[in-house]
Amino acid sequence: YRALIYDVENTGLDASILKHFNTEKECEIIKQHFKVFKYKVDLPTRSQMVRHRVSWQELSRRYVSGKRKELEFYVDEKMKKVVHCLEGEQIFNTEDCIDFCIDLYNTALENGVKPESARRILPQGLYTEIWGAYQPKQLDNFFKLRLDKSAQKEIRLVAEAMDKLIKEN
């Protein structure tokens, strides 16, 4: 489906082909049997999330470059304070490193490197968008593991937000 959207946007493929996906009836079935969440998380948090056996979809940086959708990064408070001195007295911090990697990524794209290759230079703090569709037992298991006080802070915050959303609806 993502590839079809890419083709519609970039090659002039007739958009009417998209009407064959997710009819109203199919959407109702999904609502009855699944809880679907859209996340904006950094790559390491995404890696923890996809360990759970649910239905996942992810924004593809192969088809969606940083020029189409802005590159954003998660940097925790401790990493914001990290500095490094190179030869001489030039000091770099985490944000400088991210900016350098973005510049190198854009230069690679401008020089004909395909996005699927150029993205390898981007730091792990890069945000991605993923969608997860959970059946009730899968959701219970996710909460059991990720709401635990021993879970990593970032994924615990995601689980807390999910739990709050469910309780509000």
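Author: Let's start with contact, which here means heavy atoms within 4.5 Å. This is a predicted model, so local features need pLDDT of at least 70 and side-chain atom pairs count only at pLDDT 80 or more, while totals for chains, interfaces and linings use all residues. Residues are numbered from 1 along each chain as its sequence is written, and side-chain values use heavy atoms, with hydrogens and water left out.

Reader: Okay, which residues is Thr45 in contact with, leaving aside neighbours within four places in sequence?

Author: Glu154 and Ile155. Thr45 itself is in helix α3; helices (H or I, at least four residues) and strands (E, at least two) are DSSP runs, numbered from the N terminus.

Reader: Is Thr45 buried or exposed?

Author: Buried means under 20% relative accessible area, exposed over 50%, and partly exposed in between (1.4 Å probe, protein chains only). Thr45 comes out at 2%, so it counts as buried. Its side chain also makes a polar contact with the side chain of Asp42, at 2.5 Å. That term covers a pair of N or O atoms within 3.5 Å; within protein, one must be able to donate a hydrogen and the other to accept it, and residues adjacent in sequence count only if both atoms are side-chain atoms.

Reader: Which residues of α8 are buried?

Author: Glu154 and Ile155 turn up again, along with Val158, Ala159, Met162 and Asp163. Their cover includes β1 (35–42), α3 (43–49), β5 (127–134) and α7 (136–146).

Reader: And how far does helix α8 reach from its first C-alpha to its last?

Author: The expected span of a helix is 1.5 Å times one less than its number of residues. With 16 residues (153–168), α8 reaches 23 Å, close to the 22 Å expected.

Reader: On to charges: how many salt bridges does the count come to?

Author: Side chains of opposite charge can pair when their charged atoms come close. The rule here asks for a side-chain nitrogen of Lys or Arg within 4 Å of a carboxyl oxygen of Asp or Glu, and the count comes to six. In one of them, the side chains of Lys40 and Glu72 meet at 3.0 Å, N to O. That pair links distant parts of the chain, 32 residues apart: Lys40 sits in strand β1, and Glu72 in the loop between β2 (55–58) and α4 (77–80). Lys40 is partly exposed at 43%, and Glu72 is partly exposed too, at 31%.

Reader: What does Arg46 pair with?

Author: Glu58, through a salt bridge at 2.7 Å, N to O. Arg46 lies in helix α3 and Glu58 in strand β2, so the pair ties together parts that are twelve residues apart in sequence. Arg46 is buried at 19%, whereas Glu58 is partly exposed at 23%.

Reader: Where do Asp163 and Lys167 lie?

Author: Both are in helix α8, four residues apart, about one turn of the helix. Asp163 is buried at 18%, but Lys167 is exposed at 65%.

Reader: Last one: where is Phe100, and is it buried or exposed?

Author: Phe100 is in helix α5 (residues 94–110), and its 56% relative accessibility means it counts as exposed.
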